[in-house]
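Reader: I'd like to learn how to read pockets and ring pairs in a model like this one. Can we go through them together?

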Amino acid sequence: MAEAFNDKTLTADKAARYAEVAQEIASVLDGEGNLTARMATVASMLASSFDHYFWTGFYVVDPTKDRELVVGPYQGTLGCLRIAYGRGVCGTAAETGQTQLVEDVHAFPGHIACDSRSASEIVVPVFDAAGTLLAVFDVDSDRPAAFDAVDRQGLEFILKATFA
Ligand code: SME
């Protein structure tokens with residue numbers, strides 16, 4: 001009973017923090033059109049908002065390559081530089097255009113381990129206003145099953161509000 005209560009309290013706190021940081025990001029980025037500045041700000045502000053985030057950042061679509069992502073603004077330990085569409089969690093998000101919520105990265109076929117401490121992960125595709133894929137936003141946690149529907153809703157909302 002106590003545990004269930006705590007879980008609900010945490011969930012409510014987390015949802016409230018996403019709503020708060022969404023407003024903070026919108027306010028900091030008001031009037032700023034540069035895409036790199038927008039991505040760097042989103043990565044920095046989200047990474048410093050949540051304890052369960054371990055690696056936080058963008059893999060952007062490389063227009064000079066065929067179906068390939070290249071690392072963009074991020075916070076965390078060294079990330080791999082390039083990921084082909086369809087490879088790992090990020091490549092799957094790019095290929096399908098769907099958010100990938102992975103409770104155990106070691107059970108995900110083809111998962112790319114940039115840092116062996118990563119245990120769970122969420123990757124959200126990022127589209128512009130015309131619906132073209134710009135990037136994917138990747139958050140890794142060193143805790144297993146760290147992400148849930150609240151993270152998904154919070155991140156999908158913020159990324160749509162910022163880039164679409
Ligand atoms: N784990 C990701 C690769 C990116 S890093 O973890 C920073 C994947 O499988 O797509």
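Reader: How do the residues of the lining of the second largest pocket divide by class?

Author: Sort by residue type: Ala, Val, Leu, Ile, Met, Phe, Trp, Tyr, Cys and Pro are nonpolar, Asp, Glu, Lys and Arg charged, and the others, Gly among them, polar. Here that gives 7 nonpolar, 3 polar and 4 charged. This is a predicted model, where local features need pLDDT of at least 70 and side-chain atom pairs 80 or more, while totals for chains, interfaces and linings use all residues. Numbering runs from 1 along each chain as its sequence is written, and side-chain values use heavy atoms, without hydrogens or water.

Reader: What volume does the second largest pocket have, and which residues are closest to its centre?

Author: Rolling a water-sized probe over the atoms shows where empty space is left. A pocket is an open set of points on a 1 Å grid over the protein atoms alone where a 1.4 Å probe fits, with protein on both sides within 12 Å along at least five of seven lines; lining residues have an atom within 4 Å of a point. Points join across faces, edges and corners, and the volume is the space filled by probe spheres set on them. This pocket comes to about 210 Å³. Val124, Pro125, Phe127, Glu156 and Lys160 are the closest to its centre, out of 14 lining residues.

Reader: Which element gives the largest share of that lining?

Author: Helices (H or I, at least four residues) and strands (E, at least two) are DSSP runs numbered from the N terminus. α4 gives the largest share, 5 residues; β5 (120–127) and α4 (149–163) each supply at least two.

Reader: And what about the largest pocket's volume and lining?

Author: Its volume is about 300 Å³, and its lining has 3 nonpolar, 2 polar and 6 charged residues. Among those nearest its centre are Lys14, His52 and Arg143.

Reader: How many aromatic pairs are there?

Author: Rings of Phe, Tyr and Trp (its six-membered ring) pair if their centres lie within 6.5 Å; planes under 30 degrees apart are stacked, over 60 edge-to-face, the rest tilted. The count is 7. Take Tyr53 and Phe147, edge-to-face at 6.1 Å centre to centre and 65 degrees between the planes. They sit 94 residues apart, Tyr53 in the loop between α2 and β1 and Phe147 in the loop between β6 and α4.

Reader: Are those two buried or exposed?

Author: Buried means under 20% relative accessible area, exposed over 50%, partly exposed in between (1.4 Å probe, protein chains only). Both Tyr53 and Phe147 are buried. Ring pairs also link them with Tyr18 and Phe50 into a cluster.
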